[in-house]
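The sequence and structure come first, followed by the links one at a time.

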Amino acid sequence: MRGQVVAAPWRLRVYSGGGGGWNEMLVLMLVVAAAAIVHLCPLVGAQPLCRRRLVRTGKVFNKQKTVQGDPLFYPSLTTHLIKHPCKKNLALYLGREVFFTDNNFGSSLLPFSIPSSMQVGLPVVTSAFFAGSVLLLVINRKVYIYDYEANSWNISVGIKHPVSHISGDNCCYSGNSFCLAISNSIFAYLRGEKASRAHIYFSNTWGYKFQKFTFGSQVGLVGSLNGIFYFHSLSQIGMLLTEKNKAKFGYSDHPLNRSFGLPFNYTDTLEILISPGQKGILILWDENSLMVSHNAGQLVDTVVVRKGERILHASLSEVNVTFHSVASNENELAVLTRENHFYYGSLGVLSSSVIKFVDQNVWSPGAALMFSDLGILEILTPVPDLHHPEYDFQLCSVNIQEILMDPTLDVNVCKIELLQGEFEDKMYTIDMNSQLELSALMIPRPGRSPVPIVTVSNPHSLGLQVITYEDGYTYDGNTKHRLNISLKQQQHWGRADPSFTSSIKRPTMSTITLDIANKEISCVDLKPLTALISVGCDQEKTLVVQNEISACSKGVLDPVTLQDNYTYVIERTSYDPNFLGQEAAKDLVVTYRYDLLGCPGLVYYDTPWKPVVELWRQGRFQEVINAEYVLLEVNGLFTYTYSLTAEEALCKSQPQNWSTVMGTTGRKGPFAWDRENYMSCHEPNDNAPLLWPDVPYEIMGGPTSNKIIFDQRNGMYVFSISIVDPYYSYCHLKTTFSIYVHGAFPPSVLPAELTILLLMLGILLFVWLAHMVPKLLHMETGSRVKVFWVDTFRQCQPSCARHQAKY
């Protein structure tokens with residue numbers, strides 16, 4: 001019907017003739033105003049905290065199910081909901097009952113149970129953790145593994161003593177080997193043991209196999225063990241020690257191992273949540289206290305309670321409430337108390353604060369909190385069914401951004417319109433001597449001047465420099481601010497004291513975070529920008545040995561022949577399969593791998609030789625490598641030596657060689673010598689004084705001009721090359737290449753000295769004859785010799801003539 005306008009909860013009907021346009025416009029304005037009033041009224045006090053819905057699926061048409069095995073039991077009065085940070089549909093609920101879901105509680109569930117065949121008795125769960133594609137649970141002080149993909153159970157091996165808790169972390173950057181190693185690392189321990197004698201176990205196999213772990217200087221530790229964690233954001237292992245209602249974190253490696261973190265109050269057994277994202281955020285809580293650390297336990301702070309700009313309480317723990325459930329993600333924090341109080345806040349880079357939402361009846365003994373998305377919180381409550389063994393789930397969804405619009409909360413408007421960077425949620429690698437450049441864009445609201453803050457979780461390893469400048473304007477006149485961030489190892493900036501930096505030889509990790517100082521709690525959608533930085537091996541780097549003059553290009557070898565299963569023989573007197581320089585028992589037939597080695601380089605045997613080693617990355621040339629490296633013929637050929645001795649190389653201690661390296665490391669063959677077991681002889685070493693200065697110096701590159709000198713032998717050599725300089729790259733840079741040595745004459749059967757003597761005697765005899773023969777021909781003796789040869793020739797003529805006639 002023309003002119004009809006419908007608006008809930010009222011229905012207005014307007015009928016107009018030809019000139020009713022103004023009436024329709026007036027009615028529309030009234031409707032819009034009324035709708036706005038209706039929208040604001042619930043915010044003033046009547047708006048529900050969340051929208052409830054009951055999940056009850058899979059029970060109506062399916063055959064009734066029963067619990068298979070022994071239902072798990074969680075003894076705590078608080079509830080915990082553990083979500084897999086990478087696979088958002090996986091979660092474990094720990095309350096009066098235990099539930100495991102692979103669809104984010106999208107269907108009714110039976111209580112989680114362990115097969116009776118595992119014979120655990122009453123299965124009491126004290127700790128759980130998602131490790132990769134398995135769920136680890138501590139049941140009756142043993143670690144069990146539930147493979148949810150195969151629906152199978154196993155028990156961990158290697159744990160010889162009772163344990164109560166497990167700890168670990170997850171990295172969600174798929175396809176990165178360093179990231180996968182984070183998810184593999186698991187600790188198991190018994191909480192409350194005396195720290196100096198605590199039995200700690202570590203696994204790098206998703207918990208399938210554990211081995212005994214000893215914390216550095218553990219024997220001298222004082223207090224009780226209440227947790228051990230792998231803080232990947234610091235590249236440290238941290239141990240929580242408690243004594244006399246005080247707690248502090250100790251760390252495993254330089255420089256943090258020289259002291260403890262600052263002590264904090266610890267009156268009960270705190271649960272410790274590691275916030276996802278490797279930012280170093282820890283949440284420590286129990287029924288009576290709640291604290292947060294932004295730097296992996298070095299400083300543990302209280303959580304401030306605010307209302308607008310005012311601070312109501314310096315610590316949430318000071319409020320007379322009992323904490324029942326706590327949830328967090330990379331940036332947000334939510335707390336539910338038994339008094340039906342609900343708190344929400346942000347985990348800012350400078351401090352953490354929460355605000356209190358309007359009290360509503362959302363608490364129950366089984367209620368638990370979980371973040372399903374950015375700014376979306378779920379209050380989950382299991383609901384038993386009188387007619388089915390499966391439990392339903394009441395999900396109460398809280399839209400944080402909508403709740404924050406309540407004017408009674410006195411929340412300021414976010415002063416940022418845009419914060420974005422191409423590095424968000426990515427992982428990068430900075431190798432030794434490398435640098436990384438990142439960029440971000442910030443657009444503030446008009447008239448606001450927010451202060452951006454860039455932090456790294458591991459400043460002992462990763463340093464940064466930030467340049468901020470104006471970069472134009474938006475269409476509505478807002479200023480664009482561009483941030484250029486330069487990252488490289490802290491040691492290479494030259495601004496930090498050496499005692500502050502971590503060991504440069506050790507690969508580390510850090511997270512970089514870009515956020516706004518004192519950001520309003522209303523900036524729900526503008527989460528901090530983070531990226532994971534691995535200060536370690538850049539696996540896209542490769543070695544290439546220059547081969548400008550090959551044996552094929554000079555016609556010495558035929559590439560077609562080399563590709564046709566070409567073989568060559570190494571005589572037994574020239575090689576040793578044990579790489580000790582001793583003759584073998586028989587000759588060796590070697591098949592040449594043209595597909596791996598290509599055409600060999602051409603080297604003249606009588607010229608000292610040194611390969612030109614190049615560094616390539618992603619198929620592009622980077623530089624010629626001058627770092628120290630070692631060579632070894634892969635088949636055991638020892639028909640070469642080195643141009644320098646230890647003394648000529650200016651060694652201050654006895655240099656390593658292949659024999660000593662293989663003897664001390666237990667590894668044999670190529671690549672047994674690398675950057676991890678290399679020790680420079682140019683530094684004094686009391687354990688290896690320079691006793692044999694005349695031995696060959698077997699390290700090439702670096703500060704010396706050492707070269708290879710070949711024996712008088714033509715043939716194929718296949719060398720392995722390995723960079724041993726520990727300050728060039730974190731990678732084990734290595735490759736294999738081939739050369740063909742030519743130009744050597746076959747060795748003489750006689751000794752060289754005898755050959756020279758005979759040659760000199762022959763020359764002297766020839767000179768003497770040249771002088772004496774003409775002289776003798778003019779003497780009487782010479783005339784008789786001439787007559788003798790003339791008579792002999794005349795007698796031979798008839799016989800020679802008959803012989804020629806026959807032919």
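## Cys86 and Cys172

The link of Cys86 and Cys172 is left-handed, with -85 degrees about the S-S bond. Cys86 sits in the loop between strand 5 (80-83) and strand 6 (91-94) and Cys172 in the loop between strand 13 (165-168) and helix 2 (177-184), so parts 86 residues apart in sequence are tied together. Helices (H or I, at least four residues) and strands (E, at least two) are DSSP runs, numbered from the N terminus. The S to S distance of this disulfide is 2.0 Å, where a disulfide is a pair of cysteine sulfur atoms within 2.5 Å.

Cys86 is partly exposed at 31% relative accessibility, and Cys172 is partly exposed at 39%. Buried means under 20% relative accessible area, exposed over 50%, and partly exposed in between (1.4 Å probe, protein chains only).

## Model and count

The model is predicted: local features need pLDDT of at least 70, side-chain atom pairs count only at pLDDT 80 or more, and totals for chains, interfaces and linings use all residues. Residues are numbered from 1 along each chain as its sequence is written, and side-chain values use heavy atoms, with hydrogens and water left out.

The count of disulfides is seven.

## Cys50 and Cys396

The sulfur atoms of Cys50 and Cys396 are 1.4 Å apart and form a disulfide. Cys50 lies in the loop between helix 1 (21-46) and strand 3 (51-55), and Cys396 in strand 33 (residues 388-399), 346 residues apart. Both cysteines, Cys50 and Cys396, are buried.
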